[in-house]
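This report describes selected local features of one protein chain. The sequence and the coordinates are shown below.

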Amino acid sequence: MSIEVNNESTVAADEEELARLGRYLLDNLYVHPEAELSIILVDEEAMEKLHIEWMDIPGATDVLSFPMDELRPGVPGRPTPAGVLGDIVLCPQVAAEQAQTAGHSMQEELLLLTTHGVLHLLGYDHAEPEEEKEMFGLQRDLLSSYLGRDAPKETRS
């Protein structure tokens, strides 16, 4: 499994932990061991440019996901095919603001956002109430099991 983490922002973050979480998530969602995932941390200016370009929404956001091979979660004994899962782009500055509001650390917020981004790459969405319930429930369960405790509270930018 190839997980690349690049911190292009000016904010320090635990890149190794983001990679560990990525491996944990992909293992638990039965993604092929040869799948590729990229996690990129960028500053607000770069995130705003991406947010405008891809969503036509001004301002920086917390996380954007860019799926590549449109993989879906596998099942025990039948993982996804090998391929490029895609890119997750995180903005630590937005994550820090959200973490302060939610009462947890920026690193915990980055873990939450990484989990959220991986689920988006695997086809989950939260546009409809039932989709939101499924996605956020799975997000909470996966992150709680990774952390060995309750997951941080979901925040929204």
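Which residue just after H3 takes a positive phi?

## Helix H3 and the residue after it

The residue is Gly103, whose phi is positive at about 85 degrees. The model is a predicted one, and the angle is a computed value.

Helix H3 spans residues 92–102, and its buried residues are Pro92, Gln93, Val94, Ala95, Gln98 and Ala99. The cover over these buried residues includes two strands, E2 (36–41) and E4 (84–90). Two helices also belong to that cover, H2 (44–55) and H4 (106–121).

## Gln139 in helix H5

Helix H5 runs over residues 129–147, and Gln139 is part of that helix. Is Gln139 buried or exposed? Gln139 is buried, because its relative accessible area is 2% and the cut-off for buried is under 20%.

With residues up to four places away in sequence left out, Gln139 touches Leu112, Thr115, His116, Leu119 and Glu154.

The partly exposed class covers values between the buried limit of 20% and the exposed limit of 50%.

Where is Gly123 placed? Gly123 is in the loop between H4 and H5. Gly123 is partly exposed, because its relative accessible area is 41%.

Setting aside neighbours within four places in sequence, Gly123 is in contact with Leu71 and Arg72. Gly123 and Arg72 are 51 residues apart along the chain, and their C-alpha atoms are separated by 6.1 Å.

## The nonpolar patch and Trp54

Which residues make the nonpolar surface patch of about 330 Å²? The patch is made by Trp54, Met55 and Ile57.

Trp54 itself is exposed, because its relative accessible area is 53% and exposed means over 50%.

How values were computed:
Residues numbered from 1 in each chain as written. Predicted model: local features only at pLDDT ≥ 70, side-chain atom pairs only at ≥ 80, totals over all residues. Heavy atoms only, no water. Helix = DSSP H or I, 4+ residues; strand = E, 2+ residues; numbered from the N terminus. Buried < 20%, exposed > 50% of the residue type's maximum accessible area, 1.4 Å probe, protein only. Contact = heavy atoms within 4.5 Å. Patch = residues over 30% accessible without salt bridge, like charges linked within 9 Å, V, L, I, M, F, W, Y side chains within 5 Å. Areas by Shrake-Rupley, 256 points an atom, 1.4 Å probe, with all protein chains shown as cover. Salt bridge = Lys/Arg side-chain N within 4 Å of Asp/Glu carboxyl O.
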